[in-house]
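This briefing goes through a predicted model, taking its pockets, its salt bridges and its aromatic contacts in turn. Please read it alongside the sequence and the coordinates.

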Amino acid sequence: MTETLKTLEEIRKVNASFPFSEPARKWKEQGKKIVGWICINVPEEIIHAAGMLPYRITGGDEEITLDRANEYLFSGSTCSYSRTILELQLRGEYGFLDCIAAATPCEGVIRLAEVGTHYHNIPILPLLDIPRKINERAYDYYHGEVVGLKKNLEQFFGITITDAALANSIAVYNKTRVILRKLYDMMKKDTPPLSGAEMMEILNAAVRMPREDYNILLENLLKEIETTGRALPAQPRLMISGAVLNTSSFIKGVESLGVNIVADDLCNGSRYWWEQVEAGEPVRALARRHLLAQCPCPRTNPQHMRSEWLMETAREMRLDGIIALTMRNCAPYILNLPMWKTKLEDQGTPVLDLDIEYGGGFSGQVRTRIEAFVEMLSLEVEI
């Protein structure tokens, strides 16, 4: 039984006004500040504790031309994610931001920040440097970077971010993680209550509105699902893996072929909310969660940690297959894919490797290859 969920309609309204969402517009009209952020290693809680709205800078749900961005970032070596963000900035679409806080996940984002500093008028704070190793020495270094982010925000806006404010913000964001975990656990059912496209819409809204209001929406959504007993048909169960994907229309296209996307491995998906911030001194606790506790990024070592997480997720979610979206010129994912693909296939989970562009549509060769993959899975399920 597939009931229409009123809360999903509210969430769609948030995303419909991308990039200057209606909640962000109302926030700005009250004279409050909005800080754009890039990379999940930037702890949103610090921005939230400053009394500002953290707003994730991404592309929207439609493919756009990148003519202006291509003049500044070479398309032959820079990913379409970085070029999409620059294109939107050059068009003035992110003009409502008061500044940008970004990290150093890859050369593409570093180059984006360098070019952006010169060619658009949104101030960019010093980049938060992310270690490529996951160990205690790396944590000590990263903790210093998080302390630096806090100080940079304080100096830029002339404010003080207290430990009490940080503790409150951590509690607010941990509440989000708890509720999203409940939704994720519901996706383990043979007949999940939400489609993968709907989950993407839910997660897109998370970073485009005040977090307290978002938590209320999530709670209402849970109640609606429980009240209506909403359930989608049982179909082959897939995961979408990749760097970042904001186009729910792409996932909807995949699901139209007769599958359920019940899990993801995206930095704006599961890896964004997966682990909570544990108790302790706020800044240290944030640094520990964002480096050591969240799902491993393809850029980090040791690599086996990521492979093990994917293998465990495949077993837990009873996946029939994985669609790995490798964004062109995204070196971390291109290099990382062979390290886990074989292990997943040896475990009995087929992997379809697709070379795509960020924001690209569901058509042509991409659709044809996914159709063939789904047909293969359906035959295996029948057997």
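Helix α4 supplies four residues to the lining of the second largest pocket, which is the largest share. That pocket has a volume of about 460 Å³, and the elements that give two or more residues to its lining are α1 (6-16), α4 and α8. The model described here is a predicted one.

**Second largest pocket**

- Of the 26 residues that line the second largest pocket, those closest to its centre are G59, G60, D61, E62 and E63.
- Sorted by class, this lining is made up of 10 charged, nine polar and seven nonpolar residues.

**Largest pocket**

- Two or more lining residues come from each of the helices α5 (107-119), α12 (282-293) and α14 (331-346).
- By class, the lining of the largest pocket holds 22 nonpolar residues, together with eight polar and five charged ones.

**Salt bridges**

- R211 and E44 form a salt bridge in which the closest N and O atoms are 3.6 Å apart; because R211 lies in helix α9 (residues 211-228) and E44 in helix α3 (residues 44-49), the pair ties together parts that are 167 residues apart in sequence.
- Both partners of this bridge fall under the 20% limit for burial, as R211 is buried with a relative accessible area of 4% and E44 is buried with a relative accessible area of 4%.
- R83 and E357 meet through their side chains in a salt bridge with an N to O distance of 4.0 Å, and this pair links distant parts of the chain, with R83 in helix α4 (residues 80-90) and E357 in the loop between β7 (351-356) and α15 (364-382), 274 residues apart.
- In this pair R83 counts as buried at 5% relative accessibility, whereas E357 is partly exposed, with a relative accessible area of 28%.
- E198 and R230 are joined by a salt bridge of 2.9 Å, N to O, which links helix α8 (residues 196-206), where E198 lies, to the loop between α9 and β4 (237-242), where R230 lies, 32 residues apart.
- E198 is buried, with a relative accessible area of 9%, and R230 also counts as buried, at 8% relative accessibility.
- The residues E198 and R230 belong to a network of salt bridges that links them with E9, R12 and E201.

**Aromatic pairs and clusters**

- The structure holds 14 aromatic pairs, one of which is the tilted pair of Y94 and F96, with 5.8 Å from centre to centre and 45° between the planes.
- Y94 is buried, with a relative accessible area of 0%, and F96 is likewise buried, with a relative accessible area of 6%.
- Y94 and F96 are also part of a cluster in which ring pairs link them with F18, F20 and Y55.
- W274 and W309 form an edge-to-face pair, with 5.3 Å from centre to centre and 85° between the planes; since W274 lies in the loop between α11 (270-273) and α12, and W309 in helix α13 (residues 304-316), the pair ties together parts that are 35 residues apart in sequence.
- W274 counts as buried at 10% relative accessibility, and W309 is buried with a relative accessible area of 14%.

**Charges over rings**

- The ring of W274 takes part in a further contact, in that the charged end of R181 sits over this ring, 4.2 Å from its centre.
- A second contact of this kind involves K32, which lies over the face of W27 at 4.3 Å from the ring centre.

Key: Residues are numbered from 1 along each chain as its sequence is written. This is a predicted model: local features need pLDDT of at least 70, side-chain atom pairs count only at pLDDT 80 or more; totals for chains, interfaces and linings use all residues. Side-chain values use heavy atoms; hydrogens and water are left out. Buried means under 20% relative accessible area, exposed over 50%, partly exposed in between (1.4 Å probe, protein chains only). Ala, Val, Leu, Ile, Met, Phe, Trp, Tyr, Cys and Pro count as nonpolar, Asp, Glu, Lys and Arg as charged, and the others, Gly among them, as polar. On a 1 Å grid over the protein atoms alone, a cavity is a set of points where a 1.4 Å probe fits but cannot get out, and a pocket is an open set with protein on both sides within 12 Å along at least five of seven lines; lining residues have an atom within 4 Å of a point. Grid points are joined across faces, edges and corners, and a volume is the space filled by probe spheres set on the points. Rings of Phe, Tyr and Trp (its six-membered ring) pair if their centres lie within 6.5 Å; planes under 30 degrees apart count as stacked, over 60 as edge-to-face and the rest as tilted. A charge sits over a ring if NZ of Lys or CZ of Arg is within 6 Å of the ring centre and within 35 degrees of the ring normal.
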